[in-house]
Every structure is written in structure tokens, then in C-alpha cells.
Amino acid sequence: MAITDYDKLWSSERPLIARKLTARRLANASRVLAGYYASRATKRPTVWGLPFSLSFEPTTACNLRCPECPSGLRAFTRPTGMLKPDFFEGVIDELAGDLMYLMFYFQGEPYLNPAFLDMASYASGKGIYTATSTNAHYLHDENARKTVESGLDRLIVSIDGTDQETYQQYRVGGKLEKVLEGTRNVIAWKRKLKSRTPHVIFQFLVVRPNEHQIEEVHRIGADIGVDEVRLKTAQIYDYENGSDLIPTQDRYARYREGPDGKWSIKNKLLNHCWKLWHSCVVTWDGQVVPCCFDKDASYRLGDLSTTSFHDIWRSEPYDRFRRSVLKSRSEIDICRNCTEGLKVWD
């Protein structure tokens, strides 16, 4: 099951999200949904609302070198940098009335941006549900306290092994003990400050080296006191000839092996994508890209440093990209390895 920027916002988090809903946001979401289904029916892009989910990239920098991550591999062609608070606040001011969910993550480690928690606090003050994903190496006591005080609603902690040897096979350069210590710090400050937030999630990326530790990660999560443990399937870039990272347990793999020994993605590439109507990604330097699969920002649909978000969202480049998805999704390279976005709440 894939963890996306909007997935499964229910269960124990439902009361947290309910507090963020307003009549305006619900009306906008209804327009977004209606436009999406109208587009599917007519095969022409119809956009009646603004995105209610947004991913903002605090930085492309990262302290780890994970093997399937462009940031970890230092494989970007786009520049590395830090999101500036004044620019961020300007975009949020434009969108806050309709925006319900904000993910502070695209590539990189958010806590490397020294202004990250201030930006989280700003968005939280606008009544937006805020979330981030971290490798938890910078959750020392002070940052843990500031994280709770910022009003951040969801904290996804990547923990991809239950012992150091296994953990470092994917999280290259990382220390499992730092992850556990940082998570404990956040849990402790939640208790001290009597805060319901952030909702802390252990995210376990299931790969072949760690698939035998699924039961153990649930036990560790319960011992520490996280709110949830979630399993995530791994995206593999060069999967056609197989990979040592693809799990042997089929339910945790995005790919399957064919009779000819070649591997392919399990899901069909249907010609529609919910993400293009309800969400998008903004890079640290203001480039608007369609989704989190465009990691190198190859499909730049507008620049927020020169153009308003409203104008970009309904621009010809954006509509052209939506039309191409409705016509033939398989012809778009970032879509061919995608397991998300095919339907509402997939």
C-alpha cells in the first residue's frame, strides 16, 4: 500500500482533519471532484476548483544516501537549495482559503532547512492540516519540542529496519538509534505539553532486506508509543530486470515477474489521474510540477516567482499536461512507474 500526500487521512486522525474543514474548503473540494469526473467523461480537462492538497519542498539537501532516491544519490540536474519563508508565506496566503492539506516534503530532509518549523507554524496558523516526512536524524530534544509547538499535525518517521545492519542497507549513512531516540523525544514532548499532535507514524518501506522484520517494527512502534505503523511499497527505478530490493512477498511489491523473466509494474496505466485535479508539488525554488513522481522537475508547469498560482493552475501548459494524461498516460515517462493517482482515495 502506497503512502501518498493525501492517503488515509481518516482512522485515528479523523478528529484532527475535521477541525480544518470550512464551508469554503468543502465547496472547493466538491468543485475539484466534479471537474475531475467531468474530465474523465469528456476526455477534456475541466478545472472548476483549486487544489486542496499541496506538497512544498523545504530543501533538496539530504544527509543520507538511499539507493532509490535522487536526493540521496545526488542525481538531480536541478539545483539544490532551501525554501525561503517569505516566498512560502506568499504562496500560502494565496491558497489558504481552499487548501486543506500541506505536505512539507518532496525531496531532501526537511529538518535541514532551519526555517522549516517556522513555516509549519505559519501554515498551521492558517488552519491547514500540516504534515512532513523525515529520517528523524535531527529530532534532538529542542527540535522535538519545537515540532510539537509548531502545530504540525502529522510526522512520518522513516524506519526501514529494526537493527542497524538491516536499516543501513537502505538508509545508507543513517543510524537507527538516532531514529528511535528522535521519535522518543517527540513522544515525550507531546506528553509534556499535553498535545494531540503531531500524529506520529512509523513508515516502514518494505524491501527484500527487511521484509522479515515487519512484525518486529510493529512491536517497536508500540513500545515507543507511536500512533501508527504503516507499510509502504518501494518504487524501483530500474525494475525491468528485477532488483535485490523487490520483496519476495508479493503483497509488498509494486512489480511482478513475467514468463520471460522481465518485471513490470502491477497496476494498469489507465488514462486519468486524480492528482492532476486535487494536488500538485512546489519545489524549493517555486517550480510547480504535477506530482511527486517528477522528482527532477522535468515537467515544469509554471514558476511561482513570476506568476500567481491561480494563473498557473489554469494555464495552457497545465491543461496540455492534463490532456496528455487523459489521452495516453503510458507515453509520459514519470507516469510509467506510478502506482498512485488513478482514482479518488486510491
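Modeller: Start in helix α6, residues 141-149. Lys146 and Glu142 sit 4 residues apart there, so about one helical turn separates them. Keep in mind that this is a predicted model.

Biologist: What do Lys146 and Glu142 form?
Modeller: A salt bridge. Their closest N and O atoms are 3.1 Å apart.

Biologist: Are those two buried, exposed or partly exposed, and what is the figure for Lys146?
Modeller: Lys146 has a relative accessible area of 36%, so it counts as partly exposed. Glu142 is partly exposed too, at 40%.

Biologist: How many salt bridges does the structure hold?
Modeller: There are 16. One of them joins Arg24 to Asp98, with the closest N and O atoms 3.2 Å apart.

Biologist: Where do Arg24 and Asp98 sit?
Modeller: In distant parts of the chain, 74 residues apart. Arg24 belongs to helix α2, residues 23-42. Asp98 lies in the loop between α4 (85-95) and β2 (101-104).

Biologist: Is Asp98 buried or exposed?
Modeller: Buried. Its relative accessibility is 5%, and the cut-off for buried is under 20%.

Biologist: Which residue does Asp93 pair with?
Modeller: Lys126, through a salt bridge whose closest N and O atoms are 3.2 Å apart. This pair also links distant parts of the chain, 33 residues apart. Asp93 is in helix α4, and Lys126 is in the loop between α5 (116-125) and β3 (129-134).

Biologist: What about the accessible area of Asp93 and Lys126?
Modeller: Asp93 is partly exposed, with a relative accessible area of 42%. Lys126 is partly exposed as well, at 35%.

Biologist: Which residues are linked in a network of salt bridges?
Modeller: Glu216, Arg219 and Asp223.

Biologist: Why can such side chains pair at all?
Modeller: Opposite charges can pair when the charged atoms come close.

Biologist: New topic, the sheet. How many strands, and in what order?
Modeller: The sheet is open and has 9 strands. The order runs β6-β5-β4-β3-β2-β1-β9-β10-β11. The pairing is mixed.

Biologist: Which strands stand at the edges?
Modeller: β6 (228-233) and β11 (302-303). Each has a single partner strand, so one side of each has no neighbour in the sheet.

Biologist: In what sense do β10 and β11 pair?
Modeller: Antiparallel, over 2 bridges. Strand β10 covers residues 287-289. Gln287 has Asp303 in β11 as its bridge partner.

Biologist: What does α4 touch when it packs on the sheet?
Modeller: β1 (53-56) and β2. The direction of α4 makes about 175° with that of β1. Helix α5 packs on the sheet as well, touching β2 and β3. Its direction makes about 180° with that of β2.

Biologist: Now Ser315. Where is it?
Modeller: In the loop between α11 (309-313) and α12 (316-328). Ser315 counts as buried, at 14% relative accessibility.

Biologist: What lies 2.7 Å from a polar atom of the Ser315 side chain?
Modeller: The backbone oxygen of Ile312.

Biologist: Last one, confidence. What pLDDT does the chain average?
Modeller: It averages 91, and 93% of the residues score at least 70.

Biologist: Where does pLDDT stay under 50?
Modeller: Over residues 1-10. For that stretch the model has 43 contacts beyond four places in sequence.

Methods:
Residues are numbered from 1 along each chain as its sequence is written. This is a predicted model: local features need pLDDT of at least 70, side-chain atom pairs count only at pLDDT 80 or more; totals for chains, interfaces and linings use all residues. Side-chain values use heavy atoms; hydrogens and water are left out. A salt bridge is a side-chain nitrogen of Lys or Arg within 4 Å of a carboxyl oxygen of Asp or Glu. Buried means under 20% relative accessible area, exposed over 50%, partly exposed in between (1.4 Å probe, protein chains only). Two strands pair if DSSP finds at least two bridges between them. Contact means heavy atoms within 4.5 Å. Axes are lines fitted to C-alpha atoms, for helices over the stretch in contact, and angles run from 0 to 180 degrees between N-to-C directions. pLDDT is the predictor's confidence in each residue, from 0 to 100. A polar contact is a pair of N or O atoms within 3.5 Å; within protein, one must be able to donate a hydrogen and the other to accept it, and residues adjacent in sequence count only if both atoms are side-chain atoms.
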